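Please read the following points with the structure open beside you.

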Amino acid sequence: MDDNKQPGIVLTEAQKKSRRQRSIAIALALGVLVLLFFAVTLVKGPAVLVRPM
Amino acid sequence: MSVVDHNAIDLSPRISEAEVGDYIALLKPRVMSLVIFTALVGLMIAPVHVHPVLAFTSILCIAVGAGASGALNMAYEHDIDALMTRTANRPIPRGKITQGEAAAFGITLAFFSVMTLGILVNWVAGALLAFTIFFYAVVYTIWLKRWTAQNIVIGGAAGALPPVVAWAAATGSLSVEPLLLFLIIFFWTPPHFWALALFRSDDYARAGVPMLPVVAGPDATRLQILLYTIVLVAIALAPWPLGYFGAAYGVTSLVLGAGMLWLSINVYRHREGIEASRATRRLFAFSILYLFALFAVLLLEVVVRAIAPMVW
């Protein structure tokens with residue numbers, strides 16, 4: 001069974017490192033977005049639902 | 001029998017080695033810094049109190065929107081970027097990021113910046129930011145840039161909009177003051193970029209971009225620089241006597257405006273050799289200082305007005 005198993009794509013160290021960096025950057029960006037929405041919700045209070053056109 | 005030689009085609013998926021820095025480069029950080037600064041001024045001169053969190057959100061969204069425009073611009077222009085010395089080192093020509101990845105990055109950032117500004121601040125600002133991104137990425141990059149020598153004149157509107165977006169974020173509406181800021185940046189753009197184009201005209205010619213020096217020649221460009229500078233200096237001075245901005249702004253505008261005029265006259269007079277090259281480079285460098293100083297003084301006037309009642 002194992003003999004037939006394809007090795008698949010093996011990432012080089014550089015590829016692994018850059019992918020990890022990109023993943024961390026995306027996580028940080030999403031974290032900032034969540035914090036931003038949370039902070040604005042606190043600042044606006046109930047008025048957060050009032051959005052003038 | 002197959003007509004395709006599968007051994008000759010690399011069917012392995014492309015694994016990206018792009019680093020975070022390459023994606024940051026797509027955002028055009030230097031352009032973004034000017035956008036942040038002009039937007040901050042637009043926000044600060046608005047006659048309303050803006051909560052710091054909302055002010056931060058607005059500036060962040062405008063900055064990310066500007067970055068999205070930059071990424072979309074690089075995605076479309078990767079072919080000519082590879083031909084020009086100034087842009088050959090960008091992530092797509094270097095092979096670090098593909099055109100599709102840059103486009104996806106730009107679209108994602110554009111979507112999030114517009115929606116966040118609209119939802120958290122107001123939809124006038126959100127709509128204006130969407131229009132700014134559209135104008136830069138589609139009207140300027142796709143339509144105007146390779147079609148007309150007036151590309152940066154009309155396209156300059158996109159670069160002039162950030163303070164207007166910021167004012168709208170603060171007030172939810174528009175007024176004369178942000179439009180004055182818009183006009184100052186709008187008329188500043190041609191002398192600034194044509195000064196750059198004069199000493200980079202070989203680059204633009206090689207890439208087939210119809211910049212004014214390439215299409216109409218350096219002498220016609222020098223005349224246009226002088227004419228636009230005269231209009232710019234007049235427009236930048238007008239808000240003072242009209243009572244929109246204070247005396248500090250007026251004096252700064254007068255003194256630095258005289259400097260802009262003097263340097264553009266020098267560009268017009270010196271047409272050959274090292275003197276011509278020096279004159280254009282001086283105007284290009286001074287134009288950055290000119291715009292920065294005008295907006296910095298506006299910011300200073302706001303700060304002084306806020307602090308003065310506490311001191312006296």
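This is a predicted model: local features need pLDDT of at least 70, side-chain atom pairs count only at pLDDT 80 or more; totals for chains, interfaces and linings use all residues.

The points below take up one chain, then the interface, then a single residue.

1. Chain A contains one helix and zero strands, and of its 53 residues 13% count as buried.

2. Where chain B and chain A meet, the contact draws on 23 residues from chain B and 20 residues from chain A. Between them the two chains bury about 1,900 Å², and 75% of this lies on carbon and sulfur atoms.

3. As for the links across this interface, three residue pairs in polar contact are counted between chain B and chain A, both residues being at pLDDT 80 or more, whereas zero salt bridges are found there by the rule.

4. On the side of chain B that touches chain A, helix H1 (20-26), helix H3 (52-76), helix H5 (99-120) and helix H6 (123-144) of chain B each contribute at least two residues. By type, the residues of that side divide into 15 nonpolar, six polar and two charged.

5. Elsewhere in chain B, B:Val176 belongs to helix H9 (residues 176-199). B:Val176 counts as partly exposed because its relative accessibility is 35%, a value that falls between the 20% under which a residue is buried and the 50% over which it is exposed. From B:Val176 to B:Ile92 the separation is 84 residues in sequence and 41 Å in space, C-alpha to C-alpha.

How values were computed:
Residues are numbered from 1 along each chain as its sequence is written. Chains are lettered from A and ligands numbered from 1 in the order in which they are written. Side-chain values use heavy atoms; hydrogens and water are left out. Contact means heavy atoms within 4.5 Å. Buried area is the accessible area (1.4 Å probe) that two parts lose on being put together, summed over both. A salt bridge is a side-chain nitrogen of Lys or Arg within 4 Å of a carboxyl oxygen of Asp or Glu. A polar contact is a pair of N or O atoms within 3.5 Å; within protein, one must be able to donate a hydrogen and the other to accept it, and residues adjacent in sequence count only if both atoms are side-chain atoms. Helices (H or I, at least four residues) and strands (E, at least two) are DSSP runs, numbered from the N terminus. Ala, Val, Leu, Ile, Met, Phe, Trp, Tyr, Cys and Pro count as nonpolar, Asp, Glu, Lys and Arg as charged, and the others, Gly among them, as polar. Buried means under 20% relative accessible area, exposed over 50%, partly exposed in between (1.4 Å probe, protein chains only).
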